[in-house]
Each structure stands twice: as structure tokens, then as C-alpha cells.
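Thank you for passing this structure along for comment. My remarks are set out as numbered points, so that each can be checked against the display.

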Amino acid sequence: MIPIPDKMKEVMAHEGVVAIVTQGIEGPHMVNTWNSYLRISGDGKLLVPVGYMHVTENNLAQNPRVLITLGAREVEGTHGPGTGFFVEGTGTIVDSGPTFDSTKATFPWARAVLEIKVSAAKQTL
């Protein structure tokens, strides 16, 4: 697991769309969420509140690999305004315990938390 880069934390502080990709028997599956929903756990994992994401959950039970993209126009990139990140990691769905409880307190609609151990985070813009 690697530390989440400061520039990515800056991106997370601005609104934007997050794309989350998992791989299942029927092929790749993508869902979206918002930058403002992402959190970082005390031990450095990326946390995503889960509303539906049933296909994502089923895919992770077979293959824990997760790919994510996120970005924000307001954060300075390598070539001007706007930047984004491509993130790789392994994910698990957590539906009980302290991580779930704190997520549920912030997002009452969450039925679980996607907990991602980040193995790579590359700035793309």
C-alpha cells in the first residue's frame, strides 16, 4: 500500500466524478460516485460509501482489483488548470465495525464501505 499523494487529496477536496472499475465474469463493470464522498482512513486506505454497487460487490468477491479515476478542474495540473488521477488497488466491502460506523454517520444512506488499499496513484493531467 502506498500513501495517497497530496495532490490527489487536493482533488478530493473539490467536486468531480469518480469512476470505479471492477472485473467480473461478464467483463468490466463501472460505477460512479463523487470526489466529496471519498475519505482516507487512519491507516491510509481510500474509503468509498456504498449505496447500491451490488455488481461491484459481487465482482470484488471474485477479483479484488479496483481501478479508479478522479479529477477536478480547480486543481492545478502538470499542463495548466485541472488535474486527475488513475488509481490502482485492491478493494473489499465492509459492512460492520468502526470504519462502517463512521461512514454511516456521515452518509446515512450507506449500506457498506468500499475499502481500497492503494497500490498506485498516477497523476494523469
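This is a predicted model: local features need pLDDT of at least 70, side-chain atom pairs count only at pLDDT 80 or more; totals for chains, interfaces and linings use all residues.

1. The UniProt record, an unreviewed entry, carries the annotation "domain: Pyridoxamine 5'-phosphate oxidase N-terminal" for residues 4-105.

2. The largest nonpolar core holds 24 residues, of which Met8, Ile20, Leu46, Ile68, Leu70 and Ile116 touch the most other members. At least two residues of this core come from each of α1 (6-12), β1 (17-24), β4 (46-50), β5 (65-76), β6 (81-94) and β7 (112-123), and β5 gives the most, with five residues. As a general matter, nonpolar side chains in soluble globular proteins tend to be buried together.

3. Leucine 46 deserves a separate look: leaving out residues up to four places away in sequence, leucine 46 touches Ile4, Met8, Met12, Leu38, Arg39, Ile40, Ile68, Leu114, Glu115, Ile116 and Val118.

4. Is glutamate 115 buried or exposed? Glutamate 115 is found in strand β7, and it counts as buried because its relative accessible area is 15%, which falls under the 20% limit. Apart from residues up to four places away in sequence, glutamate 115 touches Lys45, Leu46, Leu47, Thr90, Gly91, Thr92, Val94 and Thr99.

5. Strand β1 is largely enclosed by the rest of the structure, because six of its eight residues are buried. β1 pairs with β2 in the antiparallel sense over eight bridges, and a hairpin joins β1 to β2 through two residues. β1 also runs antiparallel to β5, to which three bridges join it.

6. Serine 36 lies in the loop between β2 (27-34) and β3 (39-40), and it counts as partly exposed because its relative accessibility is 31%. Serine 36 and alanine 13 are 23 residues apart in sequence, with their C-alpha atoms 6.4 Å apart in space. Leaving aside neighbours within four places in sequence, serine 36 is in contact with Met12, Glu15 and Phe107.

7. Phe107, one of the contacts of serine 36, also belongs to an aromatic cluster with Tyr37 and Trp109. The count of aromatic pairs comes to three.

Technical notes. Residues are numbered from 1 along each chain as its sequence is written. Side-chain values use heavy atoms; hydrogens and water are left out. A nonpolar core is a set of buried Ala, Val, Leu, Ile, Met, Phe, Trp, Tyr and Cys residues joined through side-chain atoms within 4.5 Å. Buried means under 20% relative accessible area, exposed over 50%, partly exposed in between (1.4 Å probe, protein chains only). Helices (H or I, at least four residues) and strands (E, at least two) are DSSP runs, numbered from the N terminus. Contact means heavy atoms within 4.5 Å. UniProt positions are given in the numbering used here, feature names are shortened, and annotations may be inferred rather than shown by experiment. Rings of Phe, Tyr and Trp (its six-membered ring) pair if their centres lie within 6.5 Å; planes under 30 degrees apart count as stacked, over 60 as edge-to-face and the rest as tilted. Two strands pair if DSSP finds at least two bridges between them.
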